[in-house]
Amino acid sequence: MKPLGRVTAVFLIVILVLGGVIAAIYVNDQSVISSQSSAMSQQSQTILGQVATIQSQSSTLVKDQSSLTKLEANITATQSILITDRAEAANLTATIASDKSEIASITAAYSQANGTISTLQAEVGPLQAKVSSLETQVNSLESQITGFELQIASLQAQVNSLTSIVDLGQSKIFLSQELVPVPSLGDQVASTFVANYSGYVTVTMTQISDINNVQVGVLILFGSSVNSGQYTSEPIGPYAFTSVPGTLVFPVTPGSITVYLSNADSSPGNATLSINYYY
């Protein structure tokens, strides 16, 4: 029942009570009614005051009911928010649990990695010592290789020189376009040198006083490496040039080589010569 209905019921009850009282007084004693009328009037005023009070309280109750309704709506909204917050809290709890699991996994992996690093660090020391030892060996081997390369270069130079010698590719100039005088009916040494290898000597003439009487010869004193039997020397020539300019070629062995001019004329002569030794 609403608060306004209760007030109306009370008011009706009061009226009925008043009606009953008035009727009873009227039936029993008309004089009593008159005397009590004043008292009832006062009671009626009192009741009316109480009715006004009840109505005021009823209005207050209506306002309180409206406030309660608003509070209930706020409570409902708050409950909805709490439900949402609880769901979010549950999600956060699940996320935290997952993160904790990942953190635990990462921590385990980190611990394992630290263990692996410690193991590798323990292995690095001996390996570094081996590397240092190998570097020392490499440096030593490189030094040996450098020495071997120098020896190879020297031997290669010797091989090239010997190959050139075998091919008679080496040469030396002992006389270059020099005028050599020769006495009448005599000989004149043009050049003397030591031949270490077998080869040949070329004598090139660009000018001569008498091509028929001035000739060129070579005298070889055999070296110790020459197996010459009972002979210690060998004269070659002299030979005459056939043209001006002209070249004569003399084979030689290891030993002392003397190139000379010979004059068969009774007058002094001369020739301009170049002497090359090929070996």
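User: Which helix does isoleucine 75 lie in?
Analyst: First, how a helix gets called: helices (H or I, at least four residues) and strands (E, at least two) are DSSP runs, numbered from the N terminus. Here isoleucine 75 sits in helix α2, residues 30–166. Bear in mind that this is a predicted model, where local features need pLDDT of at least 70, side-chain atom pairs count only at pLDDT 80 or more, and totals for chains, interfaces and linings use all residues. Residues are numbered from 1 along each chain as its sequence is written, and side-chain values use heavy atoms, with hydrogens and water left out.

User: Is isoleucine 75 buried, exposed or partly exposed, and what is its relative accessible area?
Analyst: The general idea is a pair of cut-offs: buried means under 20% relative accessible area, exposed over 50%, partly exposed in between (1.4 Å probe, protein chains only). Isoleucine 75 has 48%, so it's partly exposed.

User: Which residues make the nonpolar surface patch with Ile75?
Analyst: Patches are made of residues with over 30% relative accessible area and no salt bridge; like charges are joined within 9 Å, nonpolar side chains (Val, Leu, Ile, Met, Phe, Trp, Tyr) within 5 Å. A salt bridge, in turn, is a side-chain nitrogen of Lys or Arg within 4 Å of a carboxyl oxygen of Asp or Glu. Areas come from the Shrake-Rupley method with a 1.4 Å probe, and for residues only the protein chains shown count as cover. In this model Leu68, Leu71 and Ile75 make a nonpolar patch of about 280 Å².

User: On to the strands. How many helices and strands are there in the protein?
Analyst: Two helices and eight strands. Reading from the N terminus, the elements run α-α-β-β-β-β-β-β-β-β.

User: What is the strand order in the open sheet with β1 and β8?
Analyst: Two strands pair if DSSP finds at least two bridges between them. This four-strand open sheet goes β1-β8-β3-β6, with antiparallel pairing. β1 and β6 (246–252) are at the edges with a single partner strand each, so one side of each has no neighbour in the sheet. From one strand to the next, the twist averages 20°; for such angles, axes are lines fitted to C-alpha atoms, for helices over the stretch in contact, and angles run from 0 to 180 degrees between N-to-C directions.

User: How many bridges join β1 to β8, and how many join β3 to β8?
Analyst: Nine bridges link β1 (residues 171–182) with β8, antiparallel; valine 180, for one, has alanine 271 as its partner in β8. β3 (residues 199–208) runs antiparallel to β8 as well, over eight bridges.

User: How many of β8's ten residues are buried?
Analyst: Eight of them, so strand β8 (residues 269–278) is mostly covered. Asparagine 276 belongs to β8, and at 18% relative accessibility it counts as buried.

User: What does the side chain of asparagine 276 make a polar contact with?
Analyst: A polar contact is a pair of N or O atoms within 3.5 Å; within protein, one must be able to donate a hydrogen and the other to accept it, and residues adjacent in sequence count only if both atoms are side-chain atoms. Asparagine 276 contacts the side chain of tyrosine 278 at 3.5 Å. In a regular strand the side chains alternate between the two faces of the sheet.
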